[in-house]
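Please open the structure in your viewer and keep the selection tool at hand.

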Amino acid sequence: MKLTIWEPKTPATVDDLKNDFARKVGAFRAATGRPERFVTRCACAIHDKGFSVAYERTDPARPFILTGIYKDGEGDSGGSTSASRSRTLPSSEIDHTGWRCPYCANESHHIACDRCDTTVCGGRTRRYPGTADIFACRESCGARGTLVESKTVGGVEPTRSPVSSKPISERLPSPSADALRLGAPKPPRLK
């Protein structure tokens, strides 16, 4: 007679389950060619006009890559959406290569302004001798201050729909943070 001893499996941790699910979703997205999308709402600091930046990825182990920058009312503005889910990502999950403001062509920074709760291009960032970079937000906001690095990027994950009556600029909430955050002004250091 053969005696079988049953030993229960060690229960999987929550992180193991999340990683397994992300791997399976990534395989599904790669097989179907349907990418995960993430859209941030932005504005030009110089011209005070809005635009959207769209990112996509098919593998959750890789960062989102920039797929389009759309002025309000132009292009697909991140795709047709009927509903969007607000989402905040670690900034390490976004590859900002190629990011630039479509109005003033600034590529240096994109700043999340706490006062107007908008991601703004760095077109009005100035460096003065002996101080950190000083940022002035767009005219409609007027905030000024030094920059501090942010660890998160705010935006939405649009869900696709065949028909939408509103433009994307009216459906997207303003992101809370992107790459740099406007902090309190620091007094200049004198030599």
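A search of the whole structure finds 13 salt bridges, a salt bridge being a side-chain nitrogen of Lys or Arg within 4 Å of a carboxyl oxygen of Asp or Glu. The model is predicted: local features need pLDDT of at least 70, side-chain atom pairs count only at pLDDT 80 or more, and totals for chains, interfaces and linings use all residues. Residues are numbered from 1 along each chain as its sequence is written, and side-chain values use heavy atoms, with hydrogens and water left out.

Select Arg 23 and Asp 20, whose side chains form a salt bridge at 2.5 Å, N to O. Both residues belong to helix H1 (residues 14-32) and stand three residues apart, about one turn of the helix. Helices (H or I, at least four residues) and strands (E, at least two) are DSSP runs, numbered from the N terminus. Arg 23 is exposed, at 54% relative accessibility, whereas Asp 20 is partly exposed, at 28%. Here buried means under 20% relative accessible area, exposed over 50%, and partly exposed in between (1.4 Å probe, protein chains only).

**Second stop: a pair between two strands**

Next, select Arg 57 and Glu 36, which meet in a salt bridge of 3.0 Å, N to O. Arg 57 lies in strand S2 (residues 50-57) and Glu 36 in strand S1 (residues 36-43), so this pair ties together parts that are 21 residues apart in sequence. Are these two residues buried or exposed? Both Arg 57 and Glu 36 are buried.

Select Asp 72 and Arg 41, where a salt bridge joins the side chains at 2.8 Å, N to O. Asp 72 is in the loop between strand S3 (64-71) and strand S4 (81-90), while Arg 41 is in strand S1, and the pair links distant parts of the chain, 31 residues apart. Asp 72 is partly exposed, with a relative accessible area of 31%; Arg 41 is buried, with 12%.

**Last stop: Asn 106**

Finally, select Asn 106, in the loop between strand S5 (94-95) and strand S6 (110-113). Asn 106 counts as buried, at 16% relative accessibility. A polar atom of the Asn 106 side chain lies 3.4 Å from the backbone oxygen of Gly 122.

Key: A polar contact is a pair of N or O atoms within 3.5 Å; within protein, one must be able to donate a hydrogen and the other to accept it, and residues adjacent in sequence count only if both atoms are side-chain atoms.
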